[in-house]
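Thank you all for making time this morning.

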Amino acid sequence: MAETLLAVLLVVLWVASLGGAQRCLGDTECCELEEVEKAGVWLSEGRSQEPQSCHFNSQATRQGEEPQCQGRSHGPPNTRSIAPWRYREDCDSTRFPRRLVQAECLCPHCVSLAPPHHRDRRGNSVRVNASTTVYYRRPCPGRPGAYFLEPQLYPVAVACVCVVPQF
């Protein structure tokens with residue numbers, strides 16, 4: 001009896017914690033723009049706050065500058081890797097989360113482990129992808145000004161690795 005009561009209590013607390021997030025999912029749950037924005041932010045970030053803006057630029061290449069396809073012995077792992085990568089911003093104003101960070105391989109091939117750490121054409125540099133659930137804001141059919149959130153799996157490049165070429 002106590003286990004059943006505890007399970008019911010946990011379900012009630014979980015549903016209450018969702019706030020408006022249980023609404024607005026699917027085209028039968030249409031919401032006004034403000035409500036769908038709050039639900040999208042909560043679903044993608046797990047808490048109520050202002051939506052993310054898109055202006056991340058800490059590792060972007062400067063205008064006209066080529067990315068460095070060369071190994072380094074210092075710095076963060078993405079620059080010391082034999083398949084180095086940088087991060088770029090992936091923004092979509094109709095998606096929650098609006099801002100995702102994607103890995104972008106700097107070299108088509110791998111970097112030699114031997115100094116001076118130049119390209120090694122015996123391997124290929126490829127992205128490693130993971131999938132995450134994102135929510136797209138969609139207009140409700142037949143209801144101007146109303147929207148719903150559509151969940152979709154979305155590939156996110158998290159790093160690059162060196163692999164043996166396929167022949």
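Let me start with the contacts, where a contact means heavy atoms within 4.5 Å: among those in the chain with a separation of 6 or more, 55% are between residues 24 or more positions apart. Please keep in mind that this is a predicted model, in which local features need pLDDT of at least 70 and side-chain atom pairs count only at pLDDT 80 or more, while totals for chains, interfaces and linings use all residues. Residues are numbered from 1 along each chain as its sequence is written, and side-chain values use heavy atoms, with hydrogens and water left out.

The chain has three helices and seven strands, taken as DSSP runs numbered from the N terminus (H or I of at least four residues for helices, E of at least two for strands), and from the N terminus on their order is α-β-α-α-β-β-β-β-β-β. Of the 167 residues, 31% count as buried, where buried means under 20% relative accessible area, exposed over 50%, and partly exposed in between, with a 1.4 Å probe and protein chains only.

Now to the interior. A nonpolar core here is a set of buried Ala, Val, Leu, Ile, Met, Phe, Trp, Tyr and Cys residues joined through side-chain atoms within 4.5 Å, and the largest one has eight residues, namely Cys24, Cys31, Val36, Ala39, Val41, Phe96, Tyr135 and Leu149. Helix 2, residues 33-45, supplies the largest share of this core, with three residues. A second, separate core has six residues, including Ala83, Ala103, Ala159 and Cys160. Returning to Cys31, and leaving aside its neighbours within four places in sequence, Cys31 is in contact with Arg23, Cys24, Val36, Gly145, Ala146 and Tyr147.

What about the rings? The partners are Trp85 and Tyr87, whose ring centres are 6.5 Å apart and whose planes stand at 90 degrees, so the pair is edge-to-face. Trp85 counts as buried at 10% relative accessibility, whereas Tyr87 is partly exposed at 25%.

Charges also sit over rings, meaning that NZ of Lys or CZ of Arg is within 6 Å of the ring centre and within 35 degrees of the ring normal: Arg95 lies over the face of Tyr154, 4.9 Å from the ring centre, and Arg137 lies over that of Tyr147, at 5.8 Å.

Finally, the structure holds eight salt bridges, each a side-chain nitrogen of Lys or Arg within 4 Å of a carboxyl oxygen of Asp or Glu. One of them joins Glu37 and Arg98 at 2.4 Å, N to O, and this pair links distant parts of the chain, 61 residues apart, with Glu37 in helix 2 and Arg98 in the loop between strand 3 (95-96) and strand 4 (99-105). Both Glu37 and Arg98 are buried.

Glu104 takes part in two of the bridges that I want to show. Arg86 forms a salt bridge with Glu104, the closest N and O atoms being 2.6 Å apart, and Arg88 meets Glu104 at 3.5 Å, N to O; Arg88 is in strand 2 and Glu104 in strand 4, 16 residues apart. Salt bridges that share partners also join Glu37, Arg98 and Arg137 into one network.

How values were computed. Rings of Phe, Tyr and Trp (its six-membered ring) pair if their centres lie within 6.5 Å; planes under 30 degrees apart count as stacked, over 60 as edge-to-face and the rest as tilted.
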